[in-house]
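Colleague: Could you zoom in on one part of this model for me and walk me through how it is put together? Spell out your cut-offs as you go, please.

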Amino acid sequence: MSEEKMSLNQKIEALDKQVEWFYSDEFKLEEATEKYKAAVELAKDVKNDLENLKNEIEVLAEDFSK
């Protein structure tokens, strides 16, 4: 599933699974760098989505306070 088409919840769940891999029995040092890079990119995407959501909420809150 493409990250752009994933909901925020789906992205967070995917990130959780990626992080869990590092603590699992499936962990392989040879794969760690690529998995880490993918997790960092997904984390940046989640952070961006959360910042956008925060901005929307602030705009709505400002509109209601008038």
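**Close-up**

Modeller: Let's start with Asp16, which counts as partly exposed because its relative accessibility is 42% (buried is under 20% relative accessible area, exposed is over 50%, partly exposed is in between, with a 1.4 Å probe and protein chains only). Asp16 sits in helix α1 (helices are DSSP runs of H or I with at least four residues, strands are runs of E with at least two, numbered from the N terminus). Keep in mind that this is a predicted model, where local features need pLDDT of at least 70 and side-chain atom pairs pLDDT 80 or more, while totals for chains, interfaces and linings use all residues. Residue numbers run from 1 along each chain as its sequence is written, and side-chain values use heavy atoms, with hydrogens and water left out.

The C-alpha of Asp16 is 9.8 Å from that of Ala43, though 27 residues separate the two along the chain. As for the helices, α1 covers residues 8-23 and α2 residues 29-64, and they pack at about 150° with axes 9 Å apart (axes are lines fitted to C-alpha atoms over the stretch in contact, and angles between N-to-C directions run from 0 to 180 degrees). So α1 and α2 are roughly antiparallel (over 145 degrees; under 35 is roughly parallel, 65 to 115 roughly perpendicular, the rest oblique). In the contact of α1 with α2 you'll find 15 nonpolar residues, one polar and five charged (Ala, Val, Leu, Ile, Met, Phe, Trp, Tyr, Cys and Pro are nonpolar, Asp, Glu, Lys and Arg charged, the others, Gly among them, polar).

Now the rings: the structure holds three aromatic pairs (ring centres of Phe, Tyr or Trp, using its six-membered ring, within 6.5 Å; planes under 30 degrees apart are stacked, over 60 edge-to-face, the rest tilted). One of them joins Trp21 and Phe22 edge-to-face, 5.0 Å between centres and 85° between planes. Trp21 is buried, as its relative accessible area is 8%, while Phe22 is partly exposed at 27%. Phe22 also pairs with Phe27 in a tilted arrangement, at 6.1 Å and 45°. Phe27 is partly exposed too, at 33%. Trp21, Phe22 and Phe27 together form one aromatic cluster.

Finally, Lys35 lies over the face of Trp21, 4.9 Å from the ring centre (NZ of Lys or CZ of Arg must be within 6 Å of the centre and within 35 degrees of the ring normal).
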